[in-house]
Structures are given as structure tokens and as C-alpha cells.
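Here's a quick briefing to read alongside the structure. Start with the overall fold, then zoom in on one helix.

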Amino acid sequence: MPVRKGVDAVERLLIEGGRRLEGEIRVQGAKNSALPCLAAAVVTGQTSVLTRCPCLRDTEAAMQILRHIGCETVRAGERVIVRSASPTRWDVPQSLMRRMRSSIIFLGALLSRFGRAELSAPGGCEIGLRPIDLHLSALSALGVQIETDCGKLICRAPNGLHGASITLSFPSVGATENILLCAVGADGKTVIRNAAREPEILDLAAFLNGCGAAIEGAGSDTITVTPTDGFRSYEHAVMPDRIAAATFMAAAAVTGGSVRLLDTAPEYLTPVLPFFEQTGCAVQISGADVLLRAPQRLQSARTVRTMPYPGFPTDFQASAMAMAAAAQGTSIFVETIFENRFKHVPELRRMGAKITVQNNVAVVEGVPRLCGASVQATDLRGGSALVTAALAAQGETSVCCIGHIDRGMEQFEHNLAKLGARIKRIDTDAE
Ligand code: UD1
């Protein structure tokens, strides 16, 4: 599987819209689960094997961090092996932190393993400020002393890590993961209240437990971590990517098509199913497969409000909006998780979408036909939404800055082409 070029690479996707998508695809492993699992491999000091580990710019960045620390990593297709018996460093340099905001997840893992960590602050990203205050205050409760020096976070646990009772003021996914990664290396019991309930937390806990940790309650809002007797080598299958699954459902839906997703986790799609049903799609679940059939023209949805799991996922808001842009009627989107997550709106407008935004509310008045245009991916999910809209549009759409999409969607254009889309990747340098 080819590793895609960087986010600044001069590549774009060309999409000839208006073709009905139909067929079946197997969904990739979840990016948001693979990343913390890769970080967790540092904690154990053993050999970890991740299967269904998607080959993405973000997972490759995580593997580069592992190599920098001194872990041995090998990828063979979807299988990644990490040997973490003798890492030599506990820092993540700025160049690697900049490649992926979620590198902050290595903070808890390095502290767990070494009792110290040095990272540059991840900074804001394209969808919002994304502070890490919840991560840091939770880690200090576990015994970590944190200093900042020229944008660098210098963290130490001089008296060792100890269990703590931590109540998060918001169920942050990343903070919950960092606490878990750190707490499995602490003495004494840790209880996390108001923990994030996202399925990826459950997957990380399943991996850590397989490695010998004792985590209970993951998937609920109270998680308990008790000290382990020791870690062991373990092989874990990364859960299917629920956001990628919903993205392919949206892609088929905007074209009035149908798609069967194979070997996915239908139970984790529950938060988005009412939306698909409101737009007139029929969704059938059979075992681990999901079949979506769309009407010729989608209907508007009722108000979509993004919420922590099991609410409607913010990561699917943009693609859902692309569907609403081409639907009959008016839909309303309220974004409650990130403050700057409507960056795809001006780009969708270039394609003829009628969307007005006031603060965190977008009102989408569906149009009979979107039209092809030259647009720019501004973030991963926004970029996927532009491709989704382009599939429904009349004429050709060119999406640039697709490095954002390559961060999280594996073989996106290949899978869409398999479903019948006319889509190709162009290297502008080579033109
Ligand atoms: C993770 C996902 C991302 C998803 C998001 C919400 C990964 C790699 N990324 O991101 O795809 O969109 O969950 O489902 O898993 N916040 C603070 N202080 C903190 C931490 C978070 O104010 O210390 C705020 C954030 O700015 C944001 C909200 O809490 O407004 C949610 O953030 P969080 O749940 O932490 O998301 P991430 O872990 O960054």
C-alpha cells in the first residue's frame, strides 16, 4: 500500500460527478483507534501486533514517532508489529508533533514507560483551538510535574505515578486515552469519571487489557484502572472505522446509489443511522455487514447536533452536510464539539450549495443540483465531504490539498472508483 505524499504535496482529486455508486467494500481499520494503540505499544515493553491497522499519513507519523523513540516497527500490509523492549528516548521532536496533532497521545504513554516525557505543544489545528488543559490537569493528578519551556512540555513524575480519582469537566477523547495510557503504569487505582464513551476508547482498553492491563468500565462514563502484574506480548485487531463507514454510506447516498459495507461494526453506526433514515435511505444490517440503499433524491434531515458518543459524531458532520446540500428541503446543523468546524462551507458554496452560518449553526437549503468547481480540502473530514458533494455534482470537481484526506481515509479514491465513481488522483507537479 503506497504511503501518500505530505499535506503540502501538489496533488488533487478530479471527480466527474453524477454517476450512481453501487457495490461493496471492506471498511478500513479505525484511525482513531489505531493511533492510541500504537502509542500503547510503548507502554508494554513487549511485542505488539496490530492487524487491520490502516495505512494512513497519521498512522505512518505515529510509526515514525515510535522509531524515533527507539522501538522497532514493521508494517506488512494491514499488519503492524511494534517491539518496544528497548526504547532509548522519551521525547517527540517538534517536526513529528507538527505532522499530527494526536501525537499528544504519546505523552501518557511515555510517562507510563519512563516516568518522563518531552513534547512540543501540539498547537491549534484547522478545526479549532484544541487545548490540552484536561490532559495536563489529569496527568498532574497522577503525579506528573509539568513545565513549559519555549513551547516545549517537559513532564516528569519524580515520585513515580500514582493512581487518582479524576473527573473530567468534558468527556474528551484524547484526555481519556492519555489518562488510560498513563494510569496503567501507575501504582494504585485510578478512577476516571465523565470519561469519553467513544468506541475507540473501548478498543484501546481491550488492547491494553490483552497486554495485561486491568481496565474496567471502558465504553461507560466511569473507567477504573487497577495496577497490573506485568505486560505481555499481544495481537489485537483494530476495530473497523465507523467514520469511514459513514463516509462511504454518504458517498453512495448522494448519488442515489447503494453500498454494502463488509466486515464493519454496525453497532457503532447507531448514532448516524437516524440521519440516514431521515434522508430517505434504507439501511439493513446483517451480521457485520451494512447495506445502504438511497432514494433518487435525498430528503432533508431534522436538526443535526454533534455530541460526544453516543451522540452524532462531529467527524461525520461535514459529509452529512454534503448530503443535505443536495437534498430536498432545509436541514440545520449545530456543531457543539469544535468551534471552527464549518471550514468546508465556503467550499461547498463554490459548488452551488446554499448554506448560511451563524456561530455554530449552519442552515442548509438543499439545491436540486450541485455543480463541479475547483475547491480546497481544509481538513480531513471537510475534504471527504467535498469529494462526497463532487460525486453528486454536475460536471468536474477538482479538490486540492488532499493531503488532509490522506491523513485518515485509506485508499479513498480507489474504493470510490470500485463503487463506480469517476475519480482520479492528479500529481500537479507531473502535469
Ligand atoms: C478525537 C478524535 C477526533 C474527534 C474528536 C471528538 C482522535 C485522534 N481524534 O479528537 O477525530 O473529532 O475526538 O470526537 O481520536 N478540549 C479541551 N481541553 C482538552 C481536550 C479537549 O478544551 O484538554 C476540547 C477540544 O478543544 C474540543 C473538545 O474538547 O472542543 C473535544 O475534544 P476531544 O474529545 O479531546 O477530541 P480529540 O481527542 O482532540
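For a compact globule of 431 residues you'd expect a radius of gyration near 22 Å, and the protein chain comes in at 21 Å, so the two agree. Keep in mind that this is a predicted model. The C-alpha trace of the protein chain spans about 65 × 45 × 45 Å along its principal axes.

**Fold and packing**
- The protein chain is built from 14 helices and 24 strands.
- Of the 431 residues in the protein chain, 58% are buried.
- Among contacts in the protein chain with a separation of 6 or more, 73% join residues 24 or more positions apart.

**Surface and charge**
- The protein chain has an accessible surface of about 16,200 Å², and carbon and sulfur atoms account for 47% of that.
- On the charge side, the protein chain carries 44 positive and 42 negative side chains.
- The centres of those two sets of charges sit 3 Å apart.

**A look at helix α2**
- Helix α2 covers residues 57-69, and its 13 residues should span 18 Å at 1.5 Å a residue; the end C-alpha atoms are 19 Å apart, so that agrees.
- α2 is largely enclosed by the rest of the structure, because ten of its 13 residues are buried.

Notes: Residues numbered from 1 in each chain as written. Predicted model: local features only at pLDDT ≥ 70, side-chain atom pairs only at ≥ 80, totals over all residues. Heavy atoms only, no water. Helix = DSSP H or I, 4+ residues; strand = E, 2+ residues; numbered from the N terminus. Rg over C-alpha atoms; globule rule 2.2 N^0.38 Å. Buried < 20%, exposed > 50% of the residue type's maximum accessible area, 1.4 Å probe, protein only. Contact = heavy atoms within 4.5 Å. Areas by Shrake-Rupley, 256 points an atom, 1.4 Å probe, with all protein chains shown as cover. Lys, Arg positive; Asp, Glu negative; His and termini not counted. Charge placed at Lys NZ, Arg CZ, Asp CG, Glu CD. Expected span 1.5 Å × (residues − 1).
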